[in-house]
Amino acid sequence: MLKFLSRVKIEFNALDPRTASCMEFLAQCNSRKAKESNPACEVEVKRKNVEHPPQITVTFVNGVEEAFDATSTPAHHITKMILEKGQFLETEQMFREAGEQWPVIIPDEELSQHAPGTKPRKAEEKKQ
């Protein structure tokens with residue numbers, strides 16, 4: 001997960017009962033596997049003394065920053081989103097390194113073409 005991030009900032013009040021997501025996400029960030037995937041990723045924990053909702057802010061390797069309200073977003077949802085965006089970043093990088101245009105634009109006429117090796121749909125199947 002940290003492989004796609006340059007920075008993680010976790011902010012919460014330790015006495016706030018809504019910090020479960022922050023604690024779980026912090027545990028994921030501190031796991032051996034996560035740290036080995038990107039030792040350069042900076043993980044910052046800020047304990048606040050004021051009434052402030054728990055928040056997790058991540059910065060992707062491309063500089064895009066995204067903040068999550070940890071009171072309403074479970075840690076596994078945040079992790080899943082990071083992995084999905086990370087795969088997108090890897091795909092983009094692969095295309096750029098190959099000298100291909102990004103984003104890939106597929107003309108409408110190609111989207112409706114019959115693909116070789118597949119059977120065209122019958123009119124009855126299309127109506128269902």
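**Note on the core, a surface patch and the aromatic rings**

1. Not counting residues up to four places away in sequence, Phe25 touches Met1, Val8, Ile10, Ile56, Val58, Ala75, Ile78, Thr79 and Ile82, where contact means heavy atoms within 4.5 Å. The model is predicted, with local features needing pLDDT of at least 70, side-chain atom pairs counting only at pLDDT 80 or more, and totals for chains, interfaces and linings using all residues. Residues are numbered from 1 along each chain as its sequence is written, and side-chain values use heavy atoms, with hydrogens and water left out.

2. Phe25 is also, with Val8, Val58 and Ile82, among the residues with the most contacts inside the largest nonpolar core, which has 23 residues. Such a core is a set of buried Ala, Val, Leu, Ile, Met, Phe, Trp, Tyr and Cys residues joined through side-chain atoms within 4.5 Å; buried means under 20% relative accessible area, exposed over 50%, and partly exposed in between (1.4 Å probe, protein chains only). Two or more residues each come from strand S1 (5–12), helix H1 (20–29), strand S3 (55–60) and helix H3 (75–97), and H3 gives the largest share, five residues.

3. Phe88, Phe95 and Trp102 form one aromatic cluster. Rings of Phe, Tyr and Trp (its six-membered ring) pair if their centres lie within 6.5 Å, with planes under 30 degrees apart counted as stacked, over 60 as edge-to-face and the rest as tilted. The count by this rule is two aromatic pairs, including the tilted pair of Phe95 and Trp102, at 5.3 Å centre to centre and 50° between the planes. Phe95 is partly exposed at a relative accessible area of 27%, whereas Trp102 is buried at 18%.

How values were computed
Helices (H or I, at least four residues) and strands (E, at least two) are DSSP runs, numbered from the N terminus.
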